[in-house]
Amino acid sequence: MYRFALIFLLAASCCPSFAAGSTFFVSTTGRDAWPGTKQRPFASLERARAAVRELKQSGRMPAEGVTVYMRGGVYRLKAAFDLDASDSGTASAPVVYSAYPGERPRLIGGLILPRFRPVSDKAVLNRLDASVRGKVLECDLSALGVRDFGRLASRGFGRPWTPSHLEFFYGGRRMTLARWPNKEFARIAEPGGKTSDDGHGTQIGKIEDGFHYEGDRPSRWKSLDNIWVHGYWSWDWANSYEQVDSIDTSARLVRTKPPYGLYGFRKGQRYFFLNVLEELDEPGEYFVDPKLGKLYFLPPTGKLTEEAAVSILAEPLIRARGASHISIRDLVFEYVRGHGIDIKDGEAIRVEGCTVRNVGNVGVLVQDGVHHSVTDCDVYQIGDTGIYLSGGDRKTLVPAGHEAVNNHVYRLSEWSRTYNPAISVNGVGNRVAHNLIHDGPHMGIQLTGNDHTIEFNEIHHVAFETGDVGAFYMGRDWTWRGNVVQYNFFHHTGGVGMGSMGVYLDDCSGGTKVIGNVFYKVTRAVFVGGGRDNTIENNVFVDCKPSVHVDGRGLDPKPVWRNMVVKYMKERLDAMDHHNPPYSTRYPELARLDKHYEAGNGVPPEGNRIAHNIAWQGTWLQINWNAKPEMIDIHDNLVDTDPLFVAPEKLDFRLRPDSPAFRVGFKPIPFEKIGMQPSKYRTAGSLKSTGTR
């Protein structure tokens with residue numbers, strides 16, 4: 001008897017308790033005709049959602065709320081799982097969609113492929129390179145019921161998010177659409193037509209005139225049907241995908257189809273061709289023929305040993321509209337052409353401890369509403385932006401209170417390579433904190449708007465494919481003020497061409513506090529591009545060149561800069577009615593712009609303060625381009641004096657008690673709070689990364 005009682009107590013201690021009526025269960029072995037109990041679970045989320053609605057409508061909603069537990073397994077969604085106001089909980093009685101403890105359900109928007117076989121079609125074999133004939137495998141997607149293959153789209157800089165074409169994933173990674181060159185880029189030999197000065201002193205040809213290439217590689221291709229080119233056509237911060245219209249192999253001239261990218265072609269810029277069957281010659285490459293309904297793949301190890309899947313669903317996996325007080329916990333979302341999770345309006349939807357990966361567009365998209373949060377999530381291998389937060393009223397400066405906290409975001413922007421950061425924060429009053437961000441071609445965090453807090457994040461190995469870019473970036477609006485960038489660790493950033501910055505306050509950004517950050521091996525650590533009223537204080541700069549840059553581009557009389565300041569930025573300033581509350585009271589410094597606009601001589605970089613910083617093993621301060629030292633408040637910085645770090649070889653930049661930095665007013669940085677923190681979803685051993693690109 002004692003033994004049975006002990007067994008019962010042990011079982012109760014390790015398993016959750018389920019109150020009748022407060023829990024429902026979903027299982028891959030369930031049936032929607034069943035009652036949704038643990039023993040007789042539902043088969044679908046839709047049936048569980050209906051059960052929650054029935055509870056609410058009958059007035060039997062439990063005081064503690066309702067939890068829908070999903071058992072482990074793969075759940076294929078053929079349409080978005082929609083949540084609206086009728087699915088809401090309350091602050092005290094939330095609705096929770098959660099993994100069952102110890103299990104890991106996967107919600108997929110695609111199809112796991114059961115079988116491949118060697119290619120036998122002679123027409124296809126003849127188009128393949130001789131070195132891979134007999135090695136390329138095929139999967140008959142049409143025989144598996146796949147009818148919608150989607151289409152490649154003109155995406156990239158200045159383009160809206162577009163649901164991806166059918167993509168192929170193997171071993172949990174996005175595979176490479178057959179391309180040339182395989183790894184690096186080709187270079188534009190010459191623009192296809194006449195060039196003109198773009199206003200920056202650079203000669204650029206019209207995009208409709210195409211570009212000339214070097215060599216004869218395209219002569220091998222037997223079909224130009226749906227071939228695309230991707231490139232950084234004029235600038236290393238602006239990419240686009242262009243569909244090939246024609247290739248003149250004698251003139252070595254490529255012309256593309258509209259809609260064109262925003263910029264033309266410049267000699268020497270980088271590009272590659274993609275979606276070319278003849279270029280399926282590198283392990284990990286694939287090609288889809290929608291006419292034959294087949295997928296061709298060259299496995300990395302010669303044979304298939306891991307899971308293979310394609311994305312099919314163009315809608316989000318979860319789409320919430322006007323819903324409130326719902327938690328989504330510990331679920332896996334993947335293999336979808338559109339967004340992973342899409343939240344709009346409503347209040348307090350919490351995405352907690354989830355994995356969002358192998359997504360065509362945005363990992364987690366939050367727009368409007370208040371107090372939504374994304375916490376403790378792993379977001380990676382994303383086509384566009386990792387986490388997008390937008391909310392708050394810029395006219396009234398009422399905050400949204402959205403948060404992205406303690407997330408691991410990496411391998412991002414795998415399709416749209418620029419202006420799709422790990423985390424984008426927009427609007428008013430949102431917070432990005434304790435995130436680990438790495439392995440991205442462009443920005444780590446992008447900001448627009450007011451009164452946001454960016455703190456305790458670690459960002460490294462970003463900007464590895466682009467130039468003139470920041471690990472943190474904002475720019476080109478006088479009224480984006482009240483933002484705080486504090487206690488972040490920026491290190492080992494990349495950059496091509498014009499290189500990269502750590503904190504990039506571009507094109508006259510102002511009113512930002514950059515306090516208590518650590519910069520290590522960052523080319524230009526803090527870059528003030530003509531802005532005003534910025535505070536750079538109590539930061540640590542190690543091996544940065546330079547640590548701080550300030551310029552006066554707002555005074556440049558060239559048309560391209562004068563137009564930016566006098567027209568574009570003045571229009572945005574006037575749109576916020578800065579002479580009246582709340583802007584006049586919250587940001588009184590904006591009134592000082594009036595005298596400069598009345599004088600008509602441009603706007604100087606006044607009001608910037610650089611104090612109590614440490615700069616060691618690099619260069620300190622760069623002031624140029626119409627800026628002068630007397631315009632800037634610079635004092636009490638420790639420069640070129642050993643600050644006595646505890647263990648810099650281990651990236652431990654804490655100061656020893658006898659550091660000379662304390663004599664110039666430097667205050668200790670709370671290093672232990674930087675980066676991801678332990679939580680119920682995070683163990684101590686999972687908080688660090690050195691890059692996995």
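Let's start with the second largest cavity, which is lined by Arg151, Leu152, Ala153, Arg155, Thr162, Pro163, Ser164, His165, Trp228, Tyr241 and Trp415. A cavity, on a 1 Å grid over the protein atoms alone, is a set of points where a 1.4 Å probe fits but cannot get out, and lining residues have an atom within 4 Å of a point.

Some ground rules. This is a predicted model, where local features need pLDDT of at least 70 and side-chain atom pairs count only at pLDDT 80 or more, while totals for chains, interfaces and linings use all residues. Numbering runs from 1 along each chain as its sequence is written, and side-chain values use heavy atoms, with hydrogens and water left out.

Back to that cavity. Its space is about 50 Å³. Volume here is the space filled by probe spheres set on the grid points, which are joined across faces, edges and corners. The lining splits into six nonpolar, three polar and two charged residues. For those classes, Ala, Val, Leu, Ile, Met, Phe, Trp, Tyr, Cys and Pro count as nonpolar, Asp, Glu, Lys and Arg as charged, and the others, Gly among them, as polar.

How many cavities of 30 Å³ or more are there in the whole structure? The search finds two.

Now the strands. Strands are DSSP runs of E, at least two residues long, numbered from the N terminus. Two of them pair if DSSP finds at least two bridges between them. Inside the order, β23 (residues 285-289) and β24 (residues 294-297) run antiparallel over four bridges. There, phenylalanine 287 faces tyrosine 296 of β24.

Next, a hairpin. β20 and β21 form it, with four residues between them. Arginine 252 sits in the turn and has a positive phi of about 55°. The two strands pair in the antiparallel sense over four bridges, and serine 246 is opposite arginine 255 in β21. β21 (residues 253-256) also pairs with β18 (residues 211-212), antiparallel, over two bridges. In that pairing, histidine 212 is opposite leucine 253.

Where is aspartate 330? It is in the loop between β27 (324-329) and β28 (332-334). Aspartate 330 counts as partly exposed because its relative accessible area is 24%. Buried means under 20%, exposed over 50%, and partly exposed in between, with a 1.4 Å probe and protein chains only. Its side chain makes a polar contact with the side chain of arginine 104, at 2.3 Å. A polar contact is a pair of N or O atoms within 3.5 Å; within protein, one must be able to donate a hydrogen and the other to accept it, and residues adjacent in sequence count only if both atoms are side-chain atoms. Tyrosine 100 is 230 residues away from aspartate 330 in sequence, yet 8.7 Å away in space, C-alpha to C-alpha.

Last, serine 373, in strand β33 (residues 373-375). Is serine 373 buried or exposed? Buried, because its relative accessibility is 10%. Leaving aside neighbours within four places in sequence, serine 373 is in contact (heavy atoms within 4.5 Å) with Ile349, Arg350, Val351 and Glu403.

Note on methods. 1 Å grid on protein atoms, 1.4 Å probe; cavity = no way out; pocket = protein on both sides within 12 Å on 5 of 7 lines; lining within 4 Å.
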